[in-house]
Amino acid sequence: MSEAGGGRGCGSSVPQRAPWSLVAATAAFCLVSATSVWTAGAAPMSREERQKLGNQVLEMFDHAYGNYMEHAYPADELMPLTCRGRVRGQEPSRGDVDDALGKFSLTLIDSLDTLVVLNKTKEFEDAVRKVLRDVNLDNDVVVSVFETNIRVLGGLLGGHSLAIMLKEKGEYMQWYNDELLQMAKQLGYKLLPAFNTTSGLPYPRINLKFGIRKPEARTGTETDTCTACAGTLILEFAALSRFTGATIFEEYARKALDFLWEKRQRSSNLVGVTINIHTGDWVRKDSGVGAGIDSYYEYLLKAYVLLGDDSFLERFNTHYDAIMRYISQPPLLLDVHIHKPMLNARTWMDALLAFFPGLQVLKGDIRPAIETHEMLYQVIKKHNFLPEAFTTDFRVHWAQHPLRPEFAESTYFLYKATGDPYYLEVGKTLIENLNKYARVPCGFAAMKDVRTGSHEDRMDSFFLAEMFKYLYLLFADKEDIIFDIEDYIFTTEAHLLPLWLSTTNQSISKKNTTSEYTELDDSNFDWTCPNTQILFPNDPLYAQSIREPLKNVVDKSCPRGIIRVREESFRSGAKPPLRARDFMATNPEHLEILKKMGVSLIHLKDGRVQLVQHAIQAASSIDAEDGLRFMQEMIELSSQQQKEQQLPPRAVQIVSHPFFGRVVLTAGPAQFGLDLSKHKETRGFVASSKPYNGCSELTNPEAVMGKIALIQRGQCMFAEKARNIQNAGAIGGIVIDDNEGSSSDTAPLFQMAGDGKDTDDIKIPMLFLFSKEGSIILDAIREYEEVEVLLSDKAKDRDPEMENEEQPSSENDSQSAEQITSSSQEVDLVDQESPEESSLNSQPESLSPADMDNAASVSPSEQISNPMENHETTSLDGECTDFDNQLQEQSETEEDSNPNVSWDKKVQPIDSILADWNEDIEAFEMMEKDEL
Ligand code: DMJ
């Protein structure tokens, strides 16, 4: 094994080698010892079973890659539901997510080194030839600098690294002459104009052909970028410099990192999520380890490993100490404000942070890695996948899951570090869930909603670059891989760069780095030096002993509000601060507390109530913090209550041959007809109604009798369509959008509302599909004639039995349909929240359905209800003994003994003074923008 040159492990008793090597070497020890010593915990997994799982991963990769090559290549990505390539400009725009697509056969390039890891050397050779023959890097297309760097530049460099390794071995790639490296260099030069800022931070986007700021470029006016976007370049850029001798790339990447380091918040040592690339001001001052920041930290540590430059380790350690001090609340990792790091910035976590336990392994801090990983695994067990965001009490916050690999990555590293076969079982579950819920005939489809099991027509390139690599390596023995994986470091996209680069072309190292580390006292490094005894104890049950106390952390969780703020002082007898959920606008004591916190209550002329916080008007800084927390709670409560009043999306699952339940479409529910959420489902063959719009008595009742009728949207009310198909004997209905090209990928779903009359007479279930999802059914009818679907609230497991199931047993019972009225609360946001000033507006009066109609396009004659957001009602079992719950109990007791309080609550319920807040949507948009 080659060592990472100047790379230096922590701890005087540890030999001078990179921590990376240390981790790998120690893991090998654990693996050997596991088979003989294991007596409790997860049972060891036999070599046969590991091989079986490894082969399963290979088969799954073939399914994903084969379908991409057959149906999508040379397009950037496969659309696995419609079985074609995603070509930018030819599909409805998905916004910033599309900035990863540069018409450069993204998935092929991102898959290159995966082919070698998976021992598909022949396919690798073919793939490299295709890249050299077909890929054009000079397209007139605006791409994300970050995504292009990690996926394309990283993909080319990973491909080059393994191509030269194979060539040296003497069998494959004998014709190879650094062509991938030449392409990488060409791409590197194309990205350089992005760094033309005074700060040295790159613009977030660049036109591959025209660069930046020229009229044709269509980019260069941006002012902000995310921290990860500017701080995740050093591995690829340094590798490019060191492979080619062109030092400029490493210089630019170092300069950007130096600038970010300079701009860290000096008292907390944290960085914000977005930064102004011209002024260096933090634009978003919240800080976590997930979206927008994640790989900045990753690259500091890995730059040290790859380049052997101490300054990167010292920076990483300083940040890590801050993360462990403020953000880590094991097993949670919660965002905080960089200026007020004791104050949580939100009460949910995003899925990208799942990489962090893996990074902690590399760092050598195993205990919190095990804890966080365990918590994430429990969330996965509950929803089959990690939702894009979930709350501190483990409810779904954003329900999508684009087949992200971060959790598999952490699982692999934890297994390497602990040798605990538990992590093999975790990997097995990931494989099973992917096959059961994401596999479709034409690849693997992202989950649109982990709760319903519905799909999105999307298979991101990182799924091939990362997921299969980590899963395969998890089960592989050393001899299963044709090279020594420990000679390489993984980039954030899991591309492989050789550690020998650390001693190659070092001419620019350290030139620009600042050095103020001597100012830091020892306490800054409490978390930095792994104790190998704790890290890799000889006790093979070590990891299990850490997991044990957490085994019910998700199932037994209790609702949490904003936590931790001054918790100690509450415990010591001080009066707890006012919680948003307890607040009553007519309670003089509460109004007094509000005043102390700098929050004013303004009654607007139109009857609405506005809450505004001015931190400087608070009685003390503690009161100001309480005020901020109170405002945040109001926001959370408001959004939660609104979500709970909305119906969640439904699923249309195609169950007949050759789909067998593998295609699940996201559908909008109706506020009338059979309620599919009550464990009801309806299964039946589909038939188009005549007239297709279903607006008059059907002329083909014999065709729809006992079937699920397909009806086109438009011309009349949804309820009218439902009555017409019901009268013709249909057992359910699917309304298909008449706006060609519409899709739930790009338009918000909505609920079909009634017609303002009593709709109790409608007994059948009705669902809505956008045009793209609807065409999947229509195409299936054209091809297979008989198409059977299942309408439900959640897709059913698709197992082989589905293939043998009998004819439909539709459930069309006479249970009266429930008319569900939509949330009528409509409130306005007056001002954006900021740590210094927050404001909320609310309106107690109900609005008419027309007022609520803010979905994309609405036929004048239809009624639709609010666009749906993610929603989940989780019943929490187990005893709630945490502090928040005590507070809740306390307030309930007070309420019982005080009739005025209850009465007040009735006449002015809390939700009547809450605000409609766009934080979720904005944050999600920001996250999508910042990184995928
Ligand atoms: C990948 O492209 C990279 O891992 C990146 O750093 C973060 N997100 C995606 C996968 O989720």
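Colleague: Where is Pro658 found?
Modeller: Pro658 is found in the loop between β23 (650–654) and β24 (663–667); helices (H or I, at least four residues) and strands (E, at least two) are DSSP runs, numbered from the N terminus. A cis peptide bond joins His657 to this proline, with omega about 0°.

Colleague: Before we go on, what should I keep in mind about the model?
Modeller: This is a predicted model, in which local features need pLDDT of at least 70 and side-chain atom pairs count only at pLDDT 80 or more, while totals for chains, interfaces and linings use all residues. Residues are numbered from 1 along each chain as its sequence is written, and side-chain values use heavy atoms, with hydrogens and water left out.

Colleague: Thanks. Which peptide bond is cis with omega near 10°?
Modeller: That is the bond from Tyr73 to Pro74. Pro74 sits in the loop between α2 (47–72) and β1.

Colleague: On to cysteines. How many disulfides are found in the whole structure?
Modeller: The search finds 3 disulfides, a disulfide being a pair of cysteine sulfur atoms within 2.5 Å. One of them joins Cys83 to Cys442, with 2.1 Å from S to S.

Colleague: Which parts of the chain does that pair link?
Modeller: Distant ones, 359 residues apart: Cys83 is in the loop between β1 (77–79) and β2 (84–86), and Cys442 is in the loop between β15 (439–440) and β16 (443–444). The link of Cys83 and Cys442 is right-handed, with 65° about the S-S bond.

Colleague: And is Cys442 buried or exposed?
Modeller: Cys442 is buried, at a relative accessible area of 5%, whereas Cys83 counts as partly exposed at 27%. Buried means under 20% relative accessible area, exposed over 50%, and partly exposed in between (1.4 Å probe, protein chains only).

Colleague: Why is the disulfide of Cys226 and Cys229 right-handed?
Modeller: Because the torsion about its S-S bond is about 85°. The sulfur atoms of Cys226 and Cys229 are 2.1 Å apart, and both cysteines are buried.

Colleague: What about Cys695, which cysteine is it joined to?
Modeller: Cys695 is joined to Cys716, S to S 2.1 Å. That link is left-handed, with -90° about the S-S bond. Cys695 is buried at 18%, and Cys716 is buried too, at 5%.

Colleague: Switching topic: how many cavities of 30 Å³ or more are there?
Modeller: The count comes to 13. On a 1 Å grid over the protein atoms alone, a cavity is a set of points where a 1.4 Å probe fits but cannot get out, and lining residues have an atom within 4 Å of a point. Grid points are joined across faces, edges and corners, and a volume is the space filled by probe spheres set on the points.

Colleague: What volume does the second largest cavity have?
Modeller: About 150 Å³. It is lined by 15 residues, and the closest to its centre are His401, Arg404, Phe407, Leu430 and Met467. The elements giving two or more residues to that lining are α14 (406–418) and α15 (422–438).

Colleague: One last thing, where is Ala494 found?
Modeller: Ala494 is in the loop between β19 (488–490) and β20 (496–498). Its phi is near 65°, a positive value in a residue other than glycine. Ala494 is buried, with a relative accessible area of 0%.

Conventions
On a 1 Å grid over the protein atoms alone, a cavity is a set of points where a 1.4 Å probe fits but cannot get out, and a pocket is an open set with protein on both sides within 12 Å along at least five of seven lines; lining residues have an atom within 4 Å of a point.
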